[in-house]
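Visitor: Could you walk me through this model, one feature at a time?
Guide: Gladly, let us look at it together.

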Amino acid sequence: MTQSSQRFLPLDVFRGLTVCFMIIVNTGGTGGTYWPLDHAAWHGWTPTDMVFPSFLFAVGNAMSFSMRKYEQLGNSAVLGKIFKRTLIIFLLGYLMYWFPFVEHTDTGLQFKPFSHTRILGVLQRIALCYCIASLLIHYCSKKVVWIVSAVFLLGYWGVMWYFGTPGEQYSMGGNAGILLDKLILGDNHMYHGEGIAFDPEGILSTIPAVVNVVAGYYTGLFVQQQGRTKPGLLRMVGAGVLFLLLAYAWNTVFPINKKLWTSSYVLLTIGIDLLLLSLLIFVIDILGVTKGTGFFTVFGKNPLFLYLLSEVLAILFYFFMVNGVSLYKWINDTIFQPLSPGKFGSLLFSLAFMLTCWVVGFILDRKKIYVRV
């Protein structure tokens, strides 16, 4: 994600807020977590369910700056840049899930076979959504892009209803997405954190997620053109409220659900992102309050790298063993839980982990090192 100009500080802060919160919710400790830091069990949503779609929205924001350069390039150069970036981000996500390529067994370390490695995931979804959104935006008019986006949302609803298990279309085991993933990927290449082979970043649910990127792109353009004016701000707020109303109307027949990435969930998250970005613009650009924004822009300037760093660190914490338990559990149980037993101790660990990543980002920022993909 390309760093935006300081003229658009609210976009930098929005991106940084998203990465910061993403790291916190992904590294809960061993004493339980407060409900805002948990995903909704199934239907409904919590603040944590806002993180990933907001990251996609921020990807779209960044594209509103970088896509301008494509207008001067030839067709082959544009396709080369889009597909190269897509492939790199996808491979980073895949290798991250495979890393460290070995696992502990009763007989020692054993190589983790490809046959049991998860193929899709967070970075992989970012890559695919970026690719599809970029191609649409570069080759189609704005009107066509929005029409295609509507088709994605309505079509996804139709596919989920008509191709899912009758009576269980919106359940974990009976939705059309899991049936498609099992057919194409197979159980062993899917996520098993829900107790069964079910991938919340599966093939089918990637389609509606593209709309989060598209919305972020056009919001980024609007902010550059009119977002810093009061009339522009009011239009953004109005759009955010409209998206929320549509989301809850659609929720009555197609429930808001992050793990299925339902169309109503897409509208909900876009609406909240618009309102949050509007608030940041009002505070930062109109009221002129910029104190404290530097903390979040550290994350915003190296978002993909710091997210990847946080995931790799967490994987290593789980991999290395101390006194028969993972380093992750050992740190929590010997430092943070004695300091404050239960959920608050877990929160302290999450904050400490996030701050560790922030320090790395701060050093990179001071050295003017910005990792691009």
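What follows is a set of questions and answers on salt bridges, surface patches and backbone geometry.

Visitor: What kind of model is this, and where does residue numbering start?
Guide: This is a predicted model, in which local features need pLDDT of at least 70, side-chain atom pairs count only at pLDDT 80 or more, and totals for chains, interfaces and linings use all residues. Side-chain values use heavy atoms, with hydrogens and water left out, and along each chain, as its sequence is written, residues are numbered from 1.

Visitor: How many salt bridges does the count come to?
Guide: A salt bridge here is a side-chain nitrogen of Lys or Arg within 4 Å of a carboxyl oxygen of Asp or Glu. By this rule, the count of salt bridges is eight.

Visitor: Which residue forms a salt bridge with glutamate 194?
Guide: The closest N and O atoms of this pair are 3.2 Å apart. The pair links distant parts of the chain, 65 residues apart: glutamate 194 sits in the loop between α6 (176-184) and α7 (206-227), and its partner in the loop between α8 (230-250) and α9 (263-286). Helices (H or I, at least four residues) and strands (E, at least two) are DSSP runs, numbered from the N terminus. The partner is lysine 259.

Visitor: How many residues apart are lysine 301 and aspartate 365?
Guide: Their side chains meet in a salt bridge, at 3.5 Å from N to O. This pair links distant parts of the chain, with lysine 301 in helix α10 (residues 293-301) and aspartate 365 in helix α13 (residues 343-366). Lysine 301 is buried at 13% relative accessible area, and aspartate 365 is buried at 13%.

Visitor: Which helix holds both lysine 329 and aspartate 333?
Guide: These two form a salt bridge, with the closest N and O atoms 2.8 Å apart. Lysine 329 is partly exposed at 37%, and aspartate 333 is partly exposed at 30%. They lie four residues apart, about one turn of the helix, and that helix is α12 (residues 327-339).

Visitor: Which residues are linked in a network of salt bridges?
Guide: Beyond the pairs above, there is a network to look at. Its members are Arg118, Asp199, Glu201 and Lys258.

Visitor: Which residues gather in the patch of positive charge?
Guide: Patches are made of residues with over 30% relative accessible area and no salt bridge, joining like charges within 9 Å and nonpolar side chains (Val, Leu, Ile, Met, Phe, Trp, Tyr) within 5 Å. Lys and Arg count as positive and Asp and Glu as negative, while His and the chain ends are not counted; the place of a charge is NZ of Lys, CZ of Arg, CG of Asp or CD of Glu. Lysine 81, in helix α3 (residues 75-98), is partly exposed at 43%. The patch on the surface gathers Lys69, Lys81, Lys84 and Arg372.

Visitor: What accessible area does the nonpolar patch have?
Guide: Accessible areas come from the Shrake-Rupley method with a 1.4 Å probe; for residues, only the protein chains shown count as cover. Helix α3 gives the most to this patch, with three residues. Together, Leu87, Leu91, Leu95, Phe101 and Phe111 have about 460 Å².

Visitor: Which peptide bond is cis?
Guide: Most residues other than glycine have a negative phi, and most peptide bonds are trans. Proline 100 is found in the loop between α3 and β1 (102-105). With omega near 5 degrees, the cis bond runs from phenylalanine 99 to proline 100.

Visitor: What is the phi of tryptophan 261?
Guide: Tryptophan 261 is in the loop between α8 and α9, and counts as buried at 0% relative accessibility. Although tryptophan 261 is not a glycine, its phi is positive, at about 50 degrees.

Key. Buried < 20%, exposed > 50% of the residue type's maximum accessible area, 1.4 Å probe, protein only.
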